[in-house]
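These are my notebook entries on a structure that I am opening for the first time. I go through it piece by piece and write down what I looked up.

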Amino acid sequence: MIELGDPRQMLEWSQARRGEGKRVGFVATMGYLHEGHLRLIDRARERSDAVVVSVFVNPLQFGPTEDFARYPRDPDRDRLLAARRGADCLFVPDRAAMYPTEPLVRVEPGALATHLCGRVRPGHFAGVLTVVAKLFHMVEPDVAVFGRKDAQQAIIIQRMVTDLDFPVAIDVAPIVREADGLAMSSRNAYLSAEEREAAPALSRALDAAHAAFDGGERDAGRIVAAARSVLDAEHRLRLEYLEAVDPETLQPAAAVDARALVAVAAYGGETRLIDNVILGDGTAGDPRVRA
Ligand code: PAF
């Protein structure tokens, strides 16, 4: 695995691979890699011939009171895990390489960011889209794989690619869960033992929504109520939102006749956890892996 920090060298590397007739796959991360990221690498590998993994903790997507400074970082471990999982190139630009000057022009997500996480994290998705657009220019991937845990992010990135004609295919991979159902996230490292014990209530709540849907319930309010009753019983978590929305427009859904995204955000202590499930796409849930 080659490691690059310079955007120009990154682009040259990618263009050289394409010159050899290879498809370039891309996984963008903020590092502190876990099995969820490694599954994205597997998936990129299946869909391409040369896989680039980027690690960059993007200051633009953190609010002033959020966890940019203490976001977990472990570059040596990331390097080892990415190489072992078969990444061909690790792209680790530093802040000066990514933002040589303060970016005045940003990619604005529009109405899609007025729902769910966007409502409580102003500027977050503009920060994500701006860095992802820059990474797409630096890597020029044929396919980029994102995780469905950040469902709103994946939807907004797909929309950016469509609206702004980026020549890249977006692939969205299933959520990878711990054995007790907790969706894998770098931020899980912040959880105290007690918060960690409470955290799987999020996925149990989504299971309850799925069970209500499987039982024939189609009223979105009642599906959400089934999930909420699980969270109401877990006093160690503080609910931020729990909603059923259209998976493309993110508008609140009244009935789940076709597909719906049920998304939840809650705090365990100071740690913000998110999770979601798609109803109506014929799946029974997301794979559980052993940590
Ligand atoms: O999902 C993430 O880790 C980040 O939002 C991303 C896509 C790498 C952009 O910084």
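Before checking any helix, I note that its expected span is 1.5 Å times one less than its number of residues. Helices (H or I, at least four residues) and strands (E, at least two) are DSSP runs, numbered from the N terminus. I also note that the model is predicted, that local features need pLDDT of at least 70 and side-chain atom pairs count only at pLDDT 80 or more, while totals for chains, interfaces and linings use all residues. Residues are numbered from 1 along each chain as its sequence is written, and side-chain values use heavy atoms, with hydrogens and water left out.

**Entry: helix 6**

I looked up helix 6, residues 124-139, and found that its 16 residues should span 22 Å at 1.5 Å a residue, which agrees with the 22 Å between its end C-alpha atoms. For burial I use relative accessible area, where buried means under 20%, exposed over 50%, and partly exposed in between (1.4 Å probe, protein chains only). By that rule 14 of the 16 residues of helix 6 are buried, so this helix is largely enclosed by the rest of the structure. After helix 6 comes Glu140, and I noted that its phi is positive, near 45 degrees.

**Entry: the sheet**

I then turned to the strands, counting two of them as paired if DSSP finds at least two bridges between them. Six strands form an open sheet with parallel pairing, and their order is 1-4-3-2-5-6. Strand 1 (2-4) and strand 6 (169-173) are the edge strands, each pairing on one side only. From one strand to the next, the twist averages 25 degrees.

Looking inside the sheet, I found that strand 3 (residues 50-55) and strand 4 (residues 89-91) run parallel and are joined by three bridges. Val53 has Leu90 in strand 4 as its bridge partner.

**Entry: helix 2 and His37**

Which strands does helix 2 lie across? I found that helix 2 lies across strand 2 (24-29), strand 3, strand 5 (143-147) and strand 6, and that it runs at about 155 degrees to strand 5. I picked out His37, which lies in helix 2, and noted that His37 is buried, with a relative accessible area of 12%. Counting contact as heavy atoms within 4.5 Å, and leaving aside neighbours within four places in sequence, I listed Thr29, Gly31, Tyr32 and Ser186 as the residues that His37 is in contact with.

**Entry: salt bridges**

I searched for salt bridges, each being a side-chain nitrogen of Lys or Arg within 4 Å of a carboxyl oxygen of Asp or Glu. The search of the whole structure finds 25 salt bridges.

One of them joins Lys22 to Glu20, with the closest N and O atoms 3.4 Å apart. Lys22 is partly exposed at a relative accessible area of 34%, and Glu20 is also partly exposed, at 47%.

In another, the side chains of Glu35 and Arg39 meet at 2.8 Å, N to O. Glu35 and Arg39 are four residues apart in helix 2 (residues 35-47), and so are separated by about one helical turn. As a reminder to myself, an α-helix has 3.6 residues a turn, so residues three or four places apart point the same way.

The side chains of Asp163 and Arg159 also meet in a salt bridge, at 3.0 Å, N to O. These two are four residues apart in helix 7 (residues 151-163), again about one helical turn.

**Entry: Arg85**

Where does Arg85 lie? I found it in the loop between helix 3 (75-84) and strand 4. Arg85 is partly exposed, with a relative accessible area of 25%. The C-alpha atoms of Arg85 and Leu38 are separated by 6.6 Å, although these residues are 47 residues apart along the chain. Leaving aside neighbours within four places in sequence, Arg85 is in contact with Glu35, Leu38, Arg39, Ile41 and Asp42.

Methods
Axes are lines fitted to C-alpha atoms, for helices over the stretch in contact, and angles run from 0 to 180 degrees between N-to-C directions.
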